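Welcome, and thank you for opening the viewer. Please load the model, colour it as you like, and follow along one stop after another.

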Amino acid sequence: MCGIVGFTGRQSAAPVLLEGLKKLEYRGYDSAGIAVMDGKSITVNKVRGRIANLCEKTKDGAKVPGTTGIGHTRWATHGAPTEENAHPHLSNDGRFAIVHNGIIENYLSLREELTQDGYHFLSETDTEVIVHLLEMYYRGNVRDALIKTANRLRGSYALGVICSEEPGKIYAVREASPLILGVGIDENFFASDVTALVNHTRNVIYLEDGEFAELSDTSIRIFDCSGQEIHKKATRVLWDVQAAEKGGYEHFMLKEIMEQPGAVKATLAPRMKEHGVEFEELTGLLPKLPSIRKILITACGSAYYAGCAGKYALEHLARIPVEVELASELRYSDPLIDESTLLIVISQSGETADTIAAMKECKARGAKTLAIVNVVGSSVATLADFAVYTWAGPEIAVATTKGYTTQVTVLYMLALYFADHLNRIGEEKARLQEALQAMPRRIQESIDMNANIPALARKYHKAKALFFIGRNTDYAVALEGALKMKEISYLHAEAYAAGELKHGTIALIEEHQPVIALCANPSIMEKTLSNMVEVKSRGAEVLALTFRNNQKILSVADDLLFMPEVDPLFSAVMEIVPLQLLAYYVARENGCDIDKPKNLAKSVTVE
Ligand code: AGP
């Protein structure tokens, strides 16, 4: 995710900004830049790639005089990772420089309006509209211009702003994206992340949504969105830098599990309109939709399992046959594909070798390609006819969590979108739309209702093997649950379609064998219940995942994981959360290197 730093003081700003940006590197980024004000002139330096390049370009900041400035690491969202798209962005009159984290949802209409008013855009970013709005509204008072600009923006933003008319001042604005002020002595700071501050000061003020701050070397003033001054107390940060990077969590994986409500919300928000789901990026696909006879989903690992989970909603709502194939198999399978096939490629990194190869193979055979991908400008995104981004932000732990849930979220949205545009949905639409909107809240409930997972992990972490069983949508989640368990805890974990038990697997059930039974799909739950009874009668210990009031399951299970009661078509996103947490705590009990499991890489760029 992007990172922001700001500094005003008496020492040279550029080295402080560069050092702050380095502290934010762990978050992932693809370009970086700083803007420094020296008297009334602003100098901007930007680079594609690493901060080391920016240090080289500016001679570690020595080439950039001035004691006030802002800096940014960019994780590309709107527009490829180029120098033009890197922040800071300048206003046409050179008066304002800004850095931005977040997404401006109404940037297209603002861009059109500003272009008509004669403003020139130099980048493809959503951010650039903000700096031109500031120029447009500036009448000698930066605060007024900020308020008027903020009133025009929809979406999320943390902004850092400097204005050449106000040497020595930096401005910070927050709406749904974190921004923290650092209180120093004869110097003050802001940053999107406390890690960039703790080397300078441990006294911080957390800005809240709708607030903005004006900082000079000796003062910090905070205002609400109407310009009314408010007074906030500084708090003291006790984390060390390493803990701060992980937001206070012990591991990135746990942090990323906890980030899922926000990541899913960010993925939903730009597409959920009052009248239904809309994908601006897919308008070119709509005329071809009626001629699509088959959807083929391909991916690797968890992304493949996301496809397995999304298949049910796609088939049920859009009524298009869906096949899900491992990319490593598909690429060598002489697939039956033509122009009436829509290939959906899923990849967090967008750089997985097998996924890219399968995609090329299918493209060559005439398939239209739609990529669900998290990294803007990645190979998968570039190769695809249509790229739909998951807005999960960078995922650092090797085991994917928010990557998977945002991928499934996009598939759910696509199911509703296709169904709507093919006129295949009626009364169900409003209810399902509401169910999608509620998902971030529901994920949080899934997290909150499972406080007993560390205790369960203590009970089960020594098991020789763990079997995950479920049917239909529950089976799809079991596949991902078992993969999470094995990749980080190194326990043997397998997922079985519960109906398959009698065809072989039940031979493995013996006294005290843990079986994790997924029971979130009422249409098939009685059947899974019978399987639970079968394995129990052979001595298994059953850990069931179900709703709090599901008496039948509760009475058979030995232990329980909980999730909120949701529509089974959209349940995978909530259902996987307790399984992610269970895998995490089992791995922790076993003393495993959770964020970097042995033998695994985050992105598998070789076959
Ligand atoms: C899951 O936790 C793994 N990291 C792995 O299975 C991953 O999902 C797979 O390698 C695909 O990666 P991608 O989404 O970046 O293409």
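Which residues does Glu325 touch, not counting residues up to four places away in sequence? Select Glu325 and look around: Leu296, Ile297, Thr298, Ala299, Tyr304 and Leu330 are its partners, where contact means heavy atoms within 4.5 Å.

A word on what you are viewing: this is a predicted model, in which local features need pLDDT of at least 70 and side-chain atom pairs count only at pLDDT 80 or more, while totals for chains, interfaces and linings use all residues. Residues are numbered from 1 along each chain as its sequence is written, and side-chain values use heavy atoms, with hydrogens and water left out.

**Stop one: around Glu325**

Stay with Glu325, which belongs to strand E19 (residues 322-326). Helices (H or I, at least four residues) and strands (E, at least two) are DSSP runs, numbered from the N terminus. Glu325 is partly exposed, at a relative accessible area of 27%; buried means under 20%, exposed over 50%, and partly exposed in between (1.4 Å probe, protein chains only).

**Stop two: the whole chain**

Zoom out to see the protein chain with its 20 helices and 27 strands. Its radius of gyration is 26 Å, close to the 25 Å that the globule rule gives for 607 residues, so the chain is as compact as a globular protein of that length. That radius is taken over C-alpha atoms, and the rule is 2.2 Å times the number of residues to the power 0.38. Of the 607 residues, 61% are buried. Among contacts with a separation of 6 or more, 71% come from residues 24 or more positions apart.

**Stop three: aromatic rings**

Next, show the rings of Phe, Tyr and Trp (its six-membered ring), which pair if their centres lie within 6.5 Å; planes under 30 degrees apart count as stacked, over 60 as edge-to-face and the rest as tilted. The whole structure holds ten such pairs. Select Phe212 and Phe223: the ring centres are 5.2 Å apart and the planes at 25°, so this pair is stacked. Phe212 sits in strand E12 (residues 211-215) and Phe223 in strand E13 (residues 220-223), eleven residues apart. Phe212 is buried at 4% relative accessibility, and Phe223 is buried at 1%.

Move to Tyr584 and Tyr585, where the centres are 4.9 Å apart and the planes at 85°, so the pair is edge-to-face. Tyr584 is buried at 0% relative accessibility, and Tyr585 is buried at 17%. For a group of three, select Phe279, Tyr417 and Phe418, which form one aromatic cluster.

**Stop four: Lys402**

Is Lys402 buried or exposed? With 2% relative accessibility, Lys402 counts as buried. Find it in helix H13 (residues 402-421). Its contacts beyond four places in sequence include Glu256, Glu259, Gln260 and Ala263, as well as Pro394 and Glu395.

**Stop five: Asp595**

Finish at Asp595, in the segment after helix H20 (572-589). Asp595 is buried, at 10% relative accessibility. Leaving aside neighbours within four places in sequence, Asp595 is in contact with Lys246, His251, Phe252, Met253, Ala397 and Val398. Then select Thr400: it is 195 residues from Asp595 in sequence, and 9.9 Å away in space, C-alpha to C-alpha.
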